Amino acid sequence: MALKVSKLAFSVCLSLSSFTVLGEAIDPDKLEVMVVTAGKVAEESQKSPISISVLSDYDVERAGIENTFDIVKRTPNVSMIKAGNPSDASFLSMRGITPTMEGSQSVLFLIDGVMYQTFDTELLDVERIEVLRGPQGTLYGRNASSGVISIHTKDPDFFTEGSAGLTYGSYNQIKGNLISGGAIADSDEWAYRTAIQYSTDDGYFTRDYDGKDDVNNVKDFNGRLKVRWVPVDQSWDVIATVDAQNRKNGNMSFATLDQINQDSHKVYSNLEGQAKADILTGSIRANYAADTFDFTSITAYTKEDKVDNQDLDFTQVDDQELFIDSDFSRMTQEFRLSSDQNDAVRWLSGLYFFDETAKNDIDMRMKKFGMFNKTKTKSKVSNYAVFGNINYRFSEKWEAIAGLRYDYQKVKFDYLDLWNTQFSNSNGSDEASFNEWLPKAGLNYYATPDIMMFASIARGYKSGGFNMLTPPTISPKYDPEYTINYELGMKSEWLDNRIRFNSSVFLIDWKDQQVEQQIYPKSFTQNAGGTVSKGAEFELSWLIQPGLTSWINGGFNDASFDDFVSKDYDMNGGFTGQHDYSGNRPANSPKYTYSLGVDYNFLENYFIYADYNVTGDFYFDSANTTKQDAYGVLNLRGGYTSDNIDLILWAKNALDKEYLTRAFEMGGVWYGRSGDPATIGATVNLKW
């Protein structure tokens with residue numbers, strides 16, 4: 001029983017704030033020890049044989065990290081191609097691996113262990129953020145072929161706490177949040193935590209011809225309620241969560257690249273688009289600590305209703321318009337068993353089930369030519385997996401790792417594509433199944449208590465599927481893509497844990513890469529022959545003195561197509577030729593990123609914080625004709641913080657750097673979206 005209580009106490013401590021580590025106060029003379037669950041068991045980040053970046057709740061609050069885009073700016077070799085504020089047409093790139101707009105993501109996005117389709121989102125009440133780089137298929141499945149972003153929100157606890165915050169900034173930005181938690185009716189078994197947040201602003205874009213300055217406005221609500229049950233005399237820890245998101249945003253941010261060069265935040269569309277979403281997720285996470293093993297169950301159901309309407313010619317002319325209505329329903333279930341983590345042989349096994357139905361109604365209007373196109377699709381995806389992982393410490397300094405996952409997926413696809421003109425109509429049904437073995441092997445060397453080295457080889461896999469917007473003469477089906485990732489890494493701490501230096505080198509051999517064929521407003525995914533990406537990453541943190549910390553991280557990847565002959569088509573599916581892109585760089589994948597910053601606390605309660613985040617140059621197309629040059633964004637924060645109140649002044653993109661977050665060619669003209677301009681503001685936060 002003592003062992004059960006000890007395991008339960010360890011589980012509970014993971015939900016405490018970052019001011020404690022395993023029940024002990026943080027030593028101000030050392031860098032904070034971070035406990036992560038990247039390997040689906042709790043362990044210190046510095047002992048985890050994965051290239052992982054971790055942001056604590058302190059890091060999130062001090063840096064003013066508000067959304068996923070802010071996360072990737074702080075993480076080496078990770079970037080986001082952002083298409084709106086936010087937008088489902090955005091996608092994540094990691095180590096040179098970038099998905100297509102239509103295809104599934106190659107970076108798995110999790111909140112509290114639950115898969116979320118909508119990753120371009122605001123953050124709320126975060127405990128820590130874990131970014132895992134490299135294929136994580138063995139433990140996480142088919143769509144973690146380049147990595148995982150895992151958000152952990154704060155769990156309920158039995159002491160009363162809360163906060164109320166208000167932010168006002170440029171472009172009439174107003175954000176309010178309220179957080180409350182504690183025991184339910186003075187119970188020692190039941191606790192709750194609730195967090196709500198509402199934000200609104202006018203958006204950063206102004207329509208040129210009438211001066212309307214709220215065409216890309218934001219109205220975003222997030223809410224979460226958690227209820228926790230921890231029986232005193234047993235080993236269960238159960239948390240039920242309801243998470244709701246609602247947004248009603250403007251959707252007008254694209255212009256031609258020539259127009260953007262003249263004025264980066266002017267737009268010209270006549271149709272005021274909308275990007276709306278209603279997302280509701282319910283989940284239950286249950287942990288049971290037995291004498292010799294731990295059991296975990298995560299059950300979740302998500303319902304998403306989305307509308308994405310926008311002008312498609314991006315001009316004052318009443319011509320092209322696009323209306324998309326999407327409905328998703330998703331159920332996931334995971335069971336895990338794991339051994340005592342102090343044993344020489346540590347093991348983990350699990351079962352996973354995923355079931356999703358997606359419906360899309362797409363209405364495209366080209367009024368100038370009297371052309372109308374309606375596309376209706378329905379897809380049902382069922383995914384089953386069994387997985388296991390074992391760590392064997394065969395000597396004092398050496399440990400071997402082996403893992404394997406069997407993943408099976410079945411997809412059923414129905415489609416109807418109707419035109420009112422001479423273009424061909426099409427309809428039909430199809431189905432496909434994919435099954436893969438996803439192994440991983442590794443070797444860890446613990447040179448000293450503060451220096452760990454690891455080597456690994458892992459197979460990544462992103463499932464195939466069906467395109468929604470394929471021209472009628474082309475098969476909508478595309479095949480899976482595969483990666484083999486070879487990696488060497490080191491994690492180290494120096495000067496009595498005042499300096500932390502982690503680094504890794506990697507080689508990714510990429511087969512049948514899913515590549516976007518751009519024939520806007522139509523597009524589809526095709527498989528390239530092969531791609532190779534090789535590179536390196538590092539992260540350095542230095543506690544110069546108590547209250548003064550600096551850090552720098554960076555990543556570089558040399559990615560190029562090994563063998564890719566692109567077959568080109570017109571909007572009706574007519575073959576127009578082909579191009580050999582072998583040797584070109586994959587689209588939307590920056591060559592490098594780096595980030596540096598300093599955090600200085602003085603006079604007990606005052607602080608100054610700055611970070612500078614650089615994204616290297618990248619191309620917007622496989623032909624490598626149009627690119628975004630490297631750019632850096634400077635963020636500044638400062639103010640007063642105490643146990644009861646925060647008073648903070650901040651500036652984002654303080655140097656007002658201009659850059660593109662998305663660009664594409666349509667009808668021989670290049671269009672793009674500008675990144676956020678300089679903004680300033682103030683935040684007040686009351687705490688109890």
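Tutor: Welcome! Let's start with a term: a residue is buried when its relative accessible area is under 20%, and exposed when that value is over 50%, with partly exposed in between. Keep in mind that this model is predicted.

Student: Is arginine 285 buried or exposed?
Tutor: Compare its value with the cut-off. Arginine 285 has a relative accessible area of 19%, and the limit is under 20%. So arginine 285 counts as buried.

Student: Which residue does arginine 285 meet in a salt bridge?
Tutor: Side chains of opposite charge can pair when their charged atoms come close. Here the N to O distance is 2.9 Å, and the partner, at 11% relative accessible area, is buried. The partner is aspartate 155.

Student: How many residues apart in sequence are aspartate 155 and arginine 285?
Tutor: Their salt bridge has a distance of 2.9 Å. Aspartate 155 sits in the loop between strands E11 and E12, while arginine 285 belongs to strand E20, so the pair ties together parts whose separation in sequence is 130 residues.

Student: How many residues apart in sequence are the parts tied together by lysine 30 and aspartate 496?
Tutor: These two side chains form a salt bridge at 3.6 Å, N to O. Lysine 30 lies in the loop between strands E2 and E3, and aspartate 496 in the loop between strands E30 and E31, so the separation is 466 residues.

Student: Is aspartate 496 buried or exposed?
Tutor: Its relative accessibility is 54%, and the cut-off is over 50%. So aspartate 496 counts as exposed.

Student: How many salt bridges does a search of the whole structure find?
Tutor: Among them are the pairs lysine 30 with aspartate 496 and aspartate 155 with arginine 285. The search of the whole structure gives a total of 48.

Definitions and conventions:
Residues numbered from 1 in each chain as written. Predicted model: local features only at pLDDT ≥ 70, side-chain atom pairs only at ≥ 80, totals over all residues. Heavy atoms only, no water. Salt bridge = Lys/Arg side-chain N within 4 Å of Asp/Glu carboxyl O. Helix = DSSP H or I, 4+ residues; strand = E, 2+ residues; numbered from the N terminus. Buried < 20%, exposed > 50% of the residue type's maximum accessible area, 1.4 Å probe, protein only.
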